[in-house]
Amino acid sequence: MTEPFKALQVIEADGKFVLSIVDKLIDNLPPGDVIIKVHYSSLNYKDALSATGNKGVTRQFPHTPGIDAAGEVVSSIDENWKPGDQVIVTGFDFGMNTSGGFQEYIRVPAKWVVRLPKGLTLRESMIYGTAGFTAALSVQALLKTGVQPADGKIVVTGASGGVGSIAVAILSKLGYQVTAVSSKQAAFLESLGAVEVLPRAEMDDASGKVMLKPRFAGGIDTVGGNVLATVVKSLQYGGAVTACGMVNGGPLPLTVFPFILKGVQLLGIDSVEYPISKRKEIWEVMATSWKPAQLAQLANEIPLEKLGENINLILAGKIQGRTVVRLA
């Protein structure tokens with residue numbers, strides 16, 4: 001454990017944020033219980049924000065981003081983990097203000113670590129990553145409201161992105177008719193099981209109406225803003241929509257009328273602080289009954305050295321599906 005290893009590092013210099021591949025030592029890592037050799041990570045929008053100096057995500061630099069990691073335990077002072085265990089780390093402060101997964105080794109608290117479930121490889125777990133975990137939490141929340149496939153179509157916004165594309169694939173596998181909202185990649189979304197693809201403009205209502213014609217039994221929204229408001233106003237009686245993103249903005253231009261006249265539900269989804277005690281059961285269904293046949297086709301794999309250009313692409317909205325980062 002004395003040999004240097006490769007890491008992506010972001011430094012702040014003269015008001016600019018600069019990426020480079022550097023050599024690190026284990027002693028450079030933060031305190032923790034478990035040292036893990038990282039085989040794969042993945043690129044999320046939050047990683048791109050961290051890598052470009054968004055102080056709402058990361059406050060101090062130099063920093064190594066990466067909110068996802070999957071690999072093999074090298075050593076542990078916690079008795080629950082042994083060398084050779086294959087594990088996943090997502091959520092909590094990992095990759096935000098704690099050194100993250102864009103490096104060959106990490107050291108983290110034991111309470112952040114989840115055992116890789118049977119049915120998933122390390123690579124497949126990072127095709128999912130935080131995006132897939134968030135999609136699964138969204139599907140779970142929707143199912144708990146009682147929305148059934150026979151009730152009508154489920155709309156997924158931001159469907160070509162990481163959360164959206166995996167949500168489309170999982171819902172389709174579970175027998176739901178999925179309407180994907182995206183201004184691009186219609187063929188890709190149809191290959192994941194979407195029964196129709198709508199342009200974003202069609203779900204960005206500017207009429208000012210407090211309610212719209214009922215179209216959907218439920219929804220998974222990944223963008224927020226007026227698009228989310230349009231989905232809420234377009235739900236059938238008793239419908240529900242989950243919300244997990246805000247790339248379209250934080251303000252939500254709604255009235256109470258859809259909630260008190262149609263009994264609809266708006267369900268917030270957070271994957272960061274989701275209890276570790278409940279994470280295992282979500283990963284188990286992701287590895288088995290919810291695992292899409294098309295999981296592999298969601299991924300574009302890159303080496304650590306290609307992260308810089310892909311960070312620019314995800315910020316520009318030009319990434320389809322998921323980007324897996326190969327480290328081992």
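Student: In the hairpin of β1 and β2, which residue takes a positive phi?

Tutor: Asp14 does, with phi near 55°, and the hairpin has two residues between its strands. Asp14 sits in the loop between β1 (5-13) and β2 (16-24), and a positive phi there belongs to a residue other than glycine. Before we go on: this is a predicted model, where local features need pLDDT of at least 70, side-chain atom pairs count only at pLDDT 80 or more, and totals for chains, interfaces and linings use all residues. Residues are numbered from 1 along each chain as its sequence is written, and side-chain values use heavy atoms, leaving out hydrogens and water.

Student: Why is Asp14 called exposed?

Tutor: Its relative accessible area is 83%. Exposed means over 50%, buried means under 20%, and partly exposed is in between, using a 1.4 Å probe and protein chains only. So 83% puts Asp14 in the exposed class.

Student: Phe92 has a positive phi too. Is Phe92 buried or exposed?

Tutor: Buried: its relative accessibility is 13%, so it falls below the cut-off. Phe92 has phi of about 55° although it is not a glycine, and its place is the loop between β5 and β6 (105-108).

Student: How many bridges do β3 and β4 share, and in what sense do they pair?

Tutor: β3 (residues 34-43) and β4 (residues 68-76) share six bridges in the antiparallel sense, with Ile36 opposite Val73 in β4. β4 also pairs with β5 (residues 86-90), again antiparallel, over five bridges. There, Glu72 stands opposite Gln86 in β5.

Student: What sense do β8 and β9 run in?

Tutor: Parallel, with four bridges between them. The bridge partner of Val156 in β9 is Ala180.

Student: What makes you say both faces of β9 are covered?

Tutor: Val178 and Ala180 on one side are buried, and so are Thr179 and Val181 on the other. Here's the general idea: in a regular strand, side chains alternate between the two faces of the sheet.

Student: Now α2. What makes its span short of a straight helix?

Tutor: α2 has 23 residues, and its end C-alpha atoms are only 29 Å apart. The expected span is 1.5 Å times one less than the number of residues. For α2 a straight helix would reach 33 Å, so 29 Å falls short of that value.

Student: Where does α2 bend?

Tutor: At Gly129, by about 70°. That angle is taken between axes fitted to the seven residues ending there and the seven starting there.

Student: How do you know that α2 is largely enclosed?

Tutor: Because 19 of its 23 residues are buried. Thr134 is one to look at: it lies in α2 (residues 122-144), and it is buried at 7% relative accessible area.

Student: What makes the link from Thr134 to Ser271 a polar contact?

Tutor: Their side chains come to 3.1 Å. A polar contact is a pair of N or O atoms within 3.5 Å; within protein, one must be able to donate a hydrogen and the other to accept it, and residues adjacent in sequence count only if both atoms are side-chain atoms. So 3.1 Å is inside the limit.

Student: Why is a group of residues called a nonpolar core?

Tutor: Because it is a set of buried Ala, Val, Leu, Ile, Met, Phe, Trp, Tyr and Cys residues joined through side-chain atoms within 4.5 Å. The largest one has 51 residues, of which Val156, Val168, Leu171 and Trp283 touch the most other members. Its largest share, twelve residues, comes from α2. A second, separate core of 30 residues includes Val34, Ile36, Ala51 and Phe61.

Student: What is the peptide bond between Phe61 and Pro62 like?

Tutor: It is cis, with omega about 5°. Pro62 lies in the loop between α1 (45-51) and β4.

Notes:
Pairing = 2+ DSSP bridges.
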